[in-house]
Amino acid sequence: MTLLAFDWIFLIEKLVLIVIIISVSLVIAMYETYAERKVAAWIQDRVGPDRAGPWGILQPLADGGKLFFKEEIIPNSSNKFLFVLGPCLAMLTAMMTCAVVPWSSKLELFGRSIDMQIADINIGILYVFGVVSMGVYGIMIGGWASNNKFSLMAALRGASQVISYELAMGLSLIALLMLTGSLSLKTIVEQQQAGLWNIAYQPLGFLLFFVCALAECNRAPFDLPEAESELNMGYHQEYSSMKLGFYLFSEYINMFISSAIMATLFFGGYDVPFLDESKLAVNVAAIVGLVALMLKIFFFIFLFMWVRWTLPRFRYDQLMRVGWKNMIPLALANMIITAAVVLLIKK
Amino acid sequence: MGTAQILFWSLTALALISAIMVLVSKNPVYSVLWLIVVFFAISGHYILLNAQFLAIVNLIVYAGAIMVLFLFVIMLMNLNTETEPQKSIWMKFFGVVAGGLLLSFFISFVISSADLKGKSAQLKEGEIGLIKTLGKALFNDYVIPFEIASILFLSAMVGAVVIGKKD
Amino acid sequence: MQTLIPHNADESRRMMQSLTNRAKPVDRRPMNFVDRLYLPAVLKGMSITFGHIFKKPPTIKYPEQTREFSPVFRGLHVLNRDEEGRERCTACGLCAVACPAEAITMEAAEREPGEENLYREEKYAARYEINMLRCIFCGLCEEACPKDAIYLSETFAPSNFARKGFIYGKKDLLIPNPVTQPEEYAKAKGKR
């Protein structure tokens with residue numbers, strides 16, 4: 001085992017895949033901001049951004065340019081290093097999750113069979129979970145380093161929200177894992193390709209997971225950590241320029257990734273319903289699968305926005321009550337019922 | 001030196017340095033952050049041992065949950081160097097001596113332990129930390145200790161609810 | 001004759017006449033199980049917002065499209081000319097007197113020989129200013145003018161960076177000459 005005994009082509013292949021996936025998720029996050037404004041406009045009987053380019057499709061570039069050219073303010077009394085570290089961590093944890101999502105089946109290029117997944121580890125879901133729980137640090141460090149009471153309170157608010165809803169999320173996932181018997185996302189998708197989608201077995205589990213995903217992404221109706229005017233902004237109150245942009249951007253990436261996870265876990269991932277992928281050519285199947293997954297993801301992103309522009313924000317005590325008194329008991333009940341049913345059928 | 005060894009030594013160095021930084025940092029928030037780095041390094045070691053489940057659970061439970069609670073408390077207490085009580089030099093000296101004695105005791109214990117003699121860690125091939133083997137071990141061989149531990153946790157939870165409940 | 005004084009809350013509610021018949025009484029029953037799930041209400045709300053996606057937005061995309069004004073719209077002032085292109089204003093000051101916002105100031109001058117094709121009467125306004133920040137666009141100046149020299153058009157004052165820019169002088173207000181610039185004149189005149 002020497003240092004140079006790597007499969008170098010394998011390494012390059014994975015690196016290319018990583019670069020592609022990260023840039024694609026960045027571009028999608030960019031256009032999510034545009035889609036958010038458009039969806040909001042449509043729901044409110046408005047037109048939305050339509051000045052920058054045809055139908056306003058260059059709006060994200062304009063927004064990004066604006067953020068880049070704004071003055072970069074680091075408060076004097078802030079902790080400089082942590083102040084910069086906060087948004088970086090938020091961005092990093094947002095990006096890391098996409099490593100385990102199976103984007104499609106195998107692709108055959110240059111005589112190699114390329115997995116459309118960065119890493120198929122046998123603890124896929126737990127990895128997602130771990131990274132999500134790391135996401136709290138971006139919020140907490142940023143809020144604390146600002147050395148501002150409002151930021152600190154908002155950071156604590158956000159962190160306790162994320163921790164509370166993580167529990168219900170984990171419990172709703174355990175019920176799913178009992179059915180699949182595997183933590184690898186790839187295996188879960190392959191099982192759904194063979195049989196029914198998991199939503200058919202776990203409708204309550206999906207509902208719980210979706211609500212928790214809203215809370216984890218700090219999306220309305222759970223967007224207390226960043227309530228713009230009502231609660232004096234949020235943990236990013238002192239941030240300006242692209243550091244603020246990073247925080248906002250990481251949220252949109254989170255939204256994209258959690259849509260991908262939901263599509264993978266409950267809606268068959270890259271599975272196309274009523275289509276036998278094994279009859280297609282390998283590459284065609286991979287591309288069809290990728291398109292199917294993307295469509296599912298876009299639907300979920302739309303659902304996120306649709307919910308945001310429909311429901312009003314929770315009050316903080318309501319948020320905690322829903323999380324601890326409604327979601328967790330429901331998730332526990334769901335878990336126990338699932339366990340009992342699985343046990344009965346297996347017998 | 002193979003890849004695994006390079007990784008092992010760099011992770012070890014990272015773990016030790018950040019563990020020292022936990023103690024040396026004046027600001028308790030920095031201490032907590034360094035402690036998180038320690039957990040990451042240890043998780044890296046678990047992954048080298050092919051114990052992916054242990055690695056990720058270590059991250060979720062310790063770095064993701066317990067350290068967040070630590071950070072919560074420390075951020076709210078607003079500790080800093082001015083409010084920290086200054087201990088006398090003798091206290092520090094005896095602390096170092098006691099800690100050093102404990103460390104040397106542990107090291108000598110580990111080195112002389114018969115269980116560990118002549119054994120090396122399983123790199124990459126080990127199965128002990130995988131979720132399947134771990135689950136089987138927990139629910140077959142150690143099921144009674146496991147259940148007792150869960151009852152302990154349950155009672156702790158009930159206790160927390162009782163304390164937290166207004167009467 | 002019966003007096004219409006309510007004696008208690010119930011009676012007053014009965015006596016309160018609904019103007020539109022659209023008022024809905026507030027349902028104050030305690031929530032049942034289905035209500036407490038909140039999901040039906042959430043889904044109802046989501047269906048309402050989804051329906052709005054397909055509604056036509058009432059937006060007028062301003063620089064490209066403009067709103068249709070009614071013919072009596074009172075917009076920016078125009079100082080009128082007669083058919084031969086002579087200024088109608090004689091600087092009598094009636095508009096300034098009529099103006100409730102005191103937005104109009106003017107300075108009169110006497111017409112010199114040889115200027116007959118410029119000014120219709122012997123006296124004319126050498127300076128005529130309207131402060132658009134003070135003006136309330138009531139149209140009283142238009143009503144006061146005996147010579148039909150001033151009227152309010154169908155445009156409105158464009159935005160400006162400085163207050164100075166809102167004080168409109170004669171060159172901003174005067175309508176183009178109908179003899180030399182008939183097209184611009186027709187455009188500035190509008191539908192009136």
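Me: In strand S3 of chain C, which residue is the bridge partner of C:Ile104?
Reply: This is a predicted model. Strand S2 (residues 104-110) and strand S3 (residues 123-131) of chain C pair in the antiparallel sense over 7 bridges. In that pairing C:Ala109 stands opposite C:Tyr124 of S3(C). For C:Ile104, the bridge partner in S3(C) is C:Ile130.

Me: What is the order of the 3 strands in the open sheet of chain C?
Reply: S2 and S3 of chain C are joined by 7 bridges. Between S3(C) and strand S5 (residues 167-168) of chain C there are 2 bridges, again antiparallel, and C:Asn131 has C:Ile167 in S5(C) as its bridge partner. The edge strands, each pairing on one side only, are S2 and S5 of chain C. The order is therefore S2-S3-S5, with antiparallel pairing.

Me: How many helices and how many strands does chain A have?
Reply: Read along its sequence, chain A follows the pattern α-α-α-β-β-α-α-α-α-α-α-α-α. Its secondary structure comes to 11 helices and 2 strands.

Me: Why can chain A be called as compact as a globular protein of its length?
Reply: The C-alpha trace of chain A spans about 60 × 55 × 50 Å along its principal axes. For 347 residues the globule rule gives a radius of gyration of 20 Å, and the value for chain A is close to this, so the chain is as compact as a globular protein of that length. The radius of gyration of chain A is 21 Å.

Me: What percentage of the residues of chain A count as buried?
Reply: A residue is buried if 20 or more other C-beta atoms lie within 10 Å of its own. Among contacts in chain A between residues at least 6 apart in sequence, 79% join residues at least 24 apart. Of the 347 residues of chain A, the buried part is 48%.

Me: Is A:Pro221 exposed, partly exposed or buried?
Reply: A:Pro221 lies in the loop between helix H8 (203-216) and helix H9 (241-266) of chain A. Leaving out residues up to four places away in sequence, A:Pro221 touches A:Leu311, A:Pro312, A:Arg313 and A:Phe314. A buried residue needs 20 or more other C-beta atoms within 10 Å, and an exposed one has 12 or fewer. A:Pro221 has 19, so this residue is partly exposed.

Me: What separates the C-alpha atoms of A:Pro221 and A:Leu319?
Reply: These two residues are 98 residues apart along the chain. Their C-alpha atoms are separated by 9.0 Å.

Me: Which pair of chains shares the most contacts?
Reply: Chains B and C do not touch, and their nearest C-alpha atoms are 24 Å apart. Chain C does meet chain A, with 11 residues of chain C in contact with 9 residues of chain A. On the chain C side, these are 6 nonpolar, 4 polar and 1 charged. Of the 2 pairs of chains in contact, the one with the most contacts is chains A and B.

Me: Which helix gives the most to the side of chain A that touches chain B?
Reply: The contact takes 20 residues from chain A and 19 residues from chain B. H4 and helix H5 (149-180) of chain A each supply at least two residues of the chain A side. That side has 16 nonpolar, 4 polar and no charged residues. The helix that gives the most, with 9 residues, is H4(A).

Me: Which helices do the buried residues of H2(B) pack against?
Reply: Helix H2 (residues 28-48) of chain B has 21 residues and reaches 30 Å from its first C-alpha to its last. Its buried residues include B:Val32, B:Leu35, B:Ile36 and B:Phe39. An α-helix has 3.6 residues a turn, so residues three or four places apart point the same way. The buried residues of H2(B) pack against H1 (3-24) and H3 (52-77) of chain B and H4 (124-145) of chain A.

Me: How many residues does the largest nonpolar core have?
Reply: Those with the most contacts inside this core include A:Met140, A:Ala155 and B:Ile56. A:Ala155 is in contact with A:Ile139, A:Met140, A:Gly142, A:Gly143, A:Trp144 and A:Tyr235, leaving aside neighbours within four places in sequence. The number of residues in the largest nonpolar core is 120.

Definitions and conventions. Residues numbered from 1 in each chain as written. Chains lettered and ligands numbered in written order. Predicted model: local features only at pLDDT ≥ 70, side-chain atom pairs only at ≥ 80, totals over all residues. Helix = DSSP H or I, 4+ residues; strand = E, 2+ residues; numbered from the N terminus. Expected span 1.5 Å × (residues − 1). Contact = placed C-beta atoms within 7 Å. Core = buried A, V, L, I, M, F, W, Y, C linked by C-beta atoms within 7 Å. Nonpolar A, V, L, I, M, F, W, Y, C, P; charged D, E, K, R; others polar. Rg over C-alpha atoms; globule rule 2.2 N^0.38 Å.
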